[in-house]
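Biologist: Could you walk me through the ligand site and the strand pairing in this model?

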Amino acid sequence: MTGLSDSFQRPINYLRISVTDRCNLRCVYCMPAEGVELMSHNDILSYEEIHTVVKAAAELGINKVRLTGGEPLVRAGLPELVRLLAGIHSIDDISLTTNGTLLAEYATELKEAGLNRVNVSLDTLKPDGFEQITRCGNLEDTLAGIEAARAAGLNPVKINVVAMGGINDDELVDFAAKTVSDGWHVRFIEHMPVNGDDSGLIKLVSVKEMRQRIETLGKLEPWKVDVGNGPAKYFRLPDATGTIGFITPVTEHFCYQCNRLRLTADGKLRPCLLSEDEIDLREPLRQGASAEELKNLIEKATASKPQGHRLAEGARKKGRPFSQVGG
Ligand code: SAM
């Protein structure tokens with residue numbers, strides 16, 4: 001393994017893969033109510049094509065992959081993809097980001113196929129709030145998914161909560177309390193105003209504000225987390241068995257520690273979520289590119305990673321929706 005690093009000497013070992021642009025929810029911060037224009041079946045990389053890309057990336061030093069979407073579990077046969085990726089010798093961590101609605105059905109099969117862990121997106125603990133935020137979902141399905149994932153050993157199951165002023169910020173303390181009562185691992189994420197009109201109307205709740213509210217439950221002690229090397233800073237409340245993580249893409253960006261590339265559902269390699277620059281892998285793959293040629297393209301994408309995102313300066317008002325690029 002050679003080890004991959006970008007032009008700012010950041011080691012790059014993590015590939016985040018959007019396996020589909022389709023989603024069974026319409027979360028207000030992610031998509032407009034009518035959804036977004038969908039890609040055709042032929043636009044989307046096949047599992048074999050994703051496997052070929054990951055194999056080439058693994059030879060360069062990628063050892064962690066995360067499957068996302070859209071909603072990855074709406075794509076038929078996802079455990080089969082997990083099995084293919086788990087067979088790549090140097091991939092040692094395969095994780096999934098999901099809304100959890102279909103997880104109860106697939107958790108055991110995914111674990112058996114080689115999935116290590118899951119992150120479940122859940123922004124409210126209220127049934128009617130869930131229907132409003134997702135515009136069509138059912139809270140019970142996601143809660144059942146979380147329990148099934150824990151029972152299947154897909155640990156740690158991390159719950160991702162996007163904090164939205166005026167929408168769910170009255171529940172931040174309730175989520176934090178779950179780290180004590182149920183041992184949940186909860187991560188609070190600042191909302192990024194990037195996915196269209198509805199998203200633009202949501203008020204930012206900064207991590208600083210979130211901490212102040214949560215500390216009404218007790219002092220947050222810094223905590224080291226062994227699994228996963230993402231951008232969250234972790235803490236624990238007194239007597240909690242679960243952890244609280246904070247992710248600050250808006251008020252304190254963490255680009256200096258970015259270790260990832262993204263593969264979009266239609267086979268473009270994205271050096272940065274918040275930049276529209278992409279390198280196409282799909283056409284080369286379908287023209288029969290060799291492993292060496294793919295590796296050259298992956299190295300080119302890595303070398304073009306920007307030093308940091310420019311959200312604060314208003315960049316990326318009209319980019320591709322997160323459902324396509326794997327938010
Ligand atoms: N369907 C899956 C899910 O719900 O987790 C995977 C795709 S979803 C786009 C991935 C993550 O992006 C979710 O945790 C979601 O909360 C987050 N996300 C989407 N739009 C966001 C925004 N505007 N700001 C912050 N996080 C966002």
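Here are some questions and answers about the ligand and the strands.

Modeller: This is a predicted model, so local features need pLDDT of at least 70 and side-chain atom pairs count only at pLDDT 80 or more, while totals for chains, interfaces and linings use all residues. Residues are numbered from 1 along each chain as its sequence is written, and side-chain values use heavy atoms, with hydrogens and water left out.

Biologist: Which residue has a polar side-chain atom 3.0 Å from a nitrogen atom of the ligand?

Modeller: I look for polar contacts, pairs of N or O atoms within 3.5 Å. A polar backbone atom of Gly 70 is 2.9 Å from a ligand nitrogen, but you asked about a side chain. That residue is Glu 71.

Biologist: What percentage of the ligand's exposed area does the protein bury?

Modeller: Accessible areas come from the Shrake-Rupley method with a 1.4 Å probe. Taken alone, the ligand exposes 550 Å². The protein buries 94% of that.

Biologist: Which residue in S10 is the bridge partner of Phe 235?

Modeller: Strands are DSSP runs (E, at least two residues), numbered from the N terminus, and two of them pair if DSSP finds at least two bridges between them. S9 (residues 233-236) and S10 (residues 244-247) run antiparallel, joined by 3 bridges. The partner of Phe 235 is Ile 244.

How values were computed:
A polar contact is a pair of N or O atoms within 3.5 Å; within protein, one must be able to donate a hydrogen and the other to accept it, and residues adjacent in sequence count only if both atoms are side-chain atoms. Helices (H or I, at least four residues) and strands (E, at least two) are DSSP runs, numbered from the N terminus.
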